[in-house]
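Reader: I have a new structure open and would like to learn how to read it. Could you walk me through some of its features?

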Amino acid sequence: MAELSKYQKDQENIADYLGQGDAVRFANRLSQDIYPKESLMKRGDALRHILWQAKLQQQYGTPLAALAGYAHELAGGIEGQSGDEREMDLINNKIGRQLGSENKDDSELVGKALQRSEEHTSELQSPMYLVCRLLLEKK
């Protein structure tokens, strides 16, 4: 298993305190094992957010999972997270909650989460998406 960063370990400790520890550990460790060399705004980041929100949705329901996701992104904004990164995370969080409500079996959930993380990050890297973003930013 790949080594977790200090940030990920701190995140797990805080999550334990808030009752989210199992979901955060599941998401962190699985995404780290599958994509050990990928950082923010990549497939591993997308997978981590999708799995985290899916597990929270399964454990606590959509309202509390959504609240945890929005609170996490609000904290990220305070700490200097970019708008693009926050937007990507919010989309992945929503995908995760949807998958969590549709899939109760972990192996099925992981398979669909992998597929969606691949799809979403490839969409964000497409030339058409990048051109549209540039045009919208100039307005």
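Reader: How many aromatic pairs does the count come to?

Author: Rings of Phe, Tyr and Trp (its six-membered ring) pair if their centres lie within 6.5 Å, with planes under 30 degrees apart counted as stacked, over 60 as edge-to-face and the rest as tilted. By this rule, the count here is zero aromatic pairs. Keep in mind that this is a predicted model, where local features need pLDDT of at least 70, side-chain atom pairs count only at pLDDT 80 or more, and totals for chains, interfaces and linings use all residues. Residues are numbered from 1 along each chain as its sequence is written, and side-chain values use heavy atoms, leaving out hydrogens and water.

Reader: Which ring does the charged end of Lys 55 sit over?

Author: A charge sits over a ring if NZ of Lys or CZ of Arg is within 6 Å of the ring centre and within 35 degrees of the ring normal. Here the ring is that of Phe 26, and the charged end of Lys 55 is 5.0 Å from its centre. Lys 55 belongs to helix α3, residues 43-60 (helices are DSSP runs of H or I with at least four residues, strands are runs of E with at least two, and both are numbered from the N terminus).

Reader: Is Lys 55 buried or exposed?

Author: Buried means under 20% relative accessible area, exposed over 50%, and partly exposed in between, using a 1.4 Å probe and protein chains only. Lys 55 has a relative accessible area of 15%, so it counts as buried. Gln 59 is also found in helix α3, but its value is 39%, which means it is partly exposed.

Reader: What does Gln 59 touch?

Author: Contact means heavy atoms within 4.5 Å. Leaving aside neighbours within four places in sequence, Gln 59 is in contact with Asp 22 and Ala 23. The C-alpha atoms of Gln 59 and Asp 22 are separated by 9.7 Å, with the two residues 37 apart along the chain.
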